[in-house]
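Reader: I'd like to go through the aromatic side chains. Can you show me the model?
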Amino acid sequence: MGSQVRSVPRPLVRTNQWFIVVSVLFTWITKQEWILAIPILAGLMGLFFGFNPVMRLAKLFFRKHPSQYIPEEWDQQQFNQIIAVICLAGGLISFLMNWTTFGYVFTIMVAAAAFIAILGFCVGCYIRFHWKQYQYRRSLNKQ
């Protein structure tokens, strides 16, 4: 009896990534840091309740059944979302405290990671892969 891997259709993942990039760009252009709260709240809802409103809205535009799209691993997407929420929150808090440099550092990191993922390389996947390898090697040393 095998366990079923949960997945997320790639178009939903891409929509969420674009939403993060666009939110950061609008924040920079308008100098309205509160815009960052929107992807933070969407990300937190996805992490805590399994309901990301951005993805739920995007799902309404599917032309095919969700299973017909390339799947992305659910656990990996949750890991990536944690990183995104932390960076977005770091950016928002930094901007609110007038730590502009840190605000830009956090938001550049998250926007760059999301955009690079859109282009095909997932920074969060790379980090998680190496973390899992480290955990595995450490478990071998304990035996």
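Author: Here it is; the model is predicted. A definition to begin with: rings of Phe, Tyr and Trp pair if their centres lie within 6.5 Å.

Reader: How many aromatic pairs does the structure hold?
Author: Seven. One of them joins Phe-62 and Tyr-69, and that pair is tilted. Their centres are 4.5 Å apart, with 40° between the planes.

Reader: Are Phe-62 and Tyr-69 buried or exposed?
Author: Both are buried.

Reader: And why is the pair of Trp-99 and Phe-102 edge-to-face?
Author: Their planes stand at 70°, and over 60 degrees counts as edge-to-face. The ring centres are 6.4 Å apart.

Reader: How accessible is Trp-99?
Author: Trp-99 has 44% relative accessibility, so it counts as partly exposed. The range for that label runs between 20% and 50%.

Reader: Which residues do ring pairs link into a cluster?
Author: Trp-28, Phe-95 and Tyr-104.

Reader: Switching to charges. What sits over the ring of Trp-74?
Author: The charged end of Arg-6, 4.0 Å from the ring centre.

Reader: Back to Tyr-69. Which residue lies over its face?
Author: Lys-64, at 4.8 Å from the ring centre. Tyr-69 is also the ring that pairs with Phe-62.

Reader: New topic. Which residues does the UniProt domain annotation cover?
Author: Residues 8–132, according to UniProt. The annotation reads "domain: DUF4395" and comes from an unreviewed entry.

Reader: What is the helix and strand content there?
Author: Over residues 8–132 the chain is 75% helix and 4% strand. The end C-alpha atoms of that stretch are 21 Å apart.

Notes
Residues are numbered from 1 along each chain as its sequence is written. This is a predicted model: local features need pLDDT of at least 70, side-chain atom pairs count only at pLDDT 80 or more; totals for chains, interfaces and linings use all residues. Side-chain values use heavy atoms; hydrogens and water are left out. Rings of Phe, Tyr and Trp (its six-membered ring) pair if their centres lie within 6.5 Å; planes under 30 degrees apart count as stacked, over 60 as edge-to-face and the rest as tilted. Buried means under 20% relative accessible area, exposed over 50%, partly exposed in between (1.4 Å probe, protein chains only). A charge sits over a ring if NZ of Lys or CZ of Arg is within 6 Å of the ring centre and within 35 degrees of the ring normal. UniProt positions are given in the numbering used here, feature names are shortened, and annotations may be inferred rather than shown by experiment. Helices (H or I, at least four residues) and strands (E, at least two) are DSSP runs, numbered from the N terminus.
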